[in-house]
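Here is a short report on one model. Look over the sequence and the fold before reading on.

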Amino acid sequence: MAQLAAGRYANALFDLALETSKIDVFDEEVKLVLDTMKSDKEFLTVLDHPQISGDKKLSILEKAFKGKISDEILGLFSVIFRKNREAQLIDALEIFVRKVKEHKGIETAFVTSAKPLSEEQAESIKEKLSKNLNKQIFIQADVDESLLGGVRIKVAGHIIDGSVKKQLDDLKKQLLNIHLA
């Protein structure tokens, strides 16, 4: 139910962004709000505190972001807080960002490798994925030494596992399935 409400707020903001041709503006402003909220734990604590009224929380948000974000986004905050749905604020903003990426044909590829990728390797992966998916790709790289070598890529609901660990696991399964006569 909460995710449904967050989705409705995100959809309303997205529709407004389309109608007013402010997709890029709203996207940047929403990312600013999310970055601020996620990097400042005290900010989140205040927003989640049950003894602080919705009006006070809204006032804090307005003071923090006045002049930095559009009146339309401040208006969304007002609606969310008047309906006592402040717990869905971050979810709504994250859903909005995903909708903008989808609208622009942008995908994030989560690439995990045993060692940090070089710029050339990351660019090569990005180009190949862009070509195959016909989308603009951003690489989010991570290191997991347990992979031993190769890469694991999660993108657009797919997992491409070319890691040495996966290959060894597959070989182990094959060997365990061999029946000796």
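Which hand does the crossing of α3 and α4 have? The crossing is left-handed, meaning that the near helix is turned anticlockwise from the far one by less than a right angle.

## Basis

This is a predicted model, where local features need pLDDT of at least 70, side-chain atom pairs count only at pLDDT 80 or more, and totals for chains, interfaces and linings use all residues. Residues are numbered from 1 along each chain as its sequence is written, and side-chain values use heavy atoms, without hydrogens and water.

## The helix pair

Helix α3 spans residues 41-48 and helix α4 residues 54-65. Helices (H or I, at least four residues) and strands (E, at least two) are DSSP runs, numbered from the N terminus. The two axes come within 9 Å and cross at roughly 150°. Axes are lines fitted to C-alpha atoms, for helices over the stretch in contact, and angles run from 0 to 180 degrees between N-to-C directions. α3 and α4 are therefore roughly antiparallel, a term for angles over 145 degrees.

Phe-43, Val-46, Leu-47 and Asp-48 of α3 meet Lys-57, Ile-60, Leu-61, Ala-64 and Phe-65 of α4. Contact means heavy atoms within 4.5 Å.

## The sheet

An open sheet holds 4 strands in the order β2-β1-β3-β4, with mixed pairing. Two strands pair if DSSP finds at least two bridges between them. β2 (136-143) and β4 (158-161) stand at the edges, each with a single partner strand, so one side of each lacks a neighbour in the sheet. The twist averages 20° from one strand to the next.

β1 (residues 106-113) pairs with β2 in the parallel sense over 8 bridges. Ser-113 stands opposite Val-143 in β2.

How values were computed: Angles under 35 degrees count as roughly parallel, over 145 as roughly antiparallel, 65 to 115 as roughly perpendicular and the rest as oblique.
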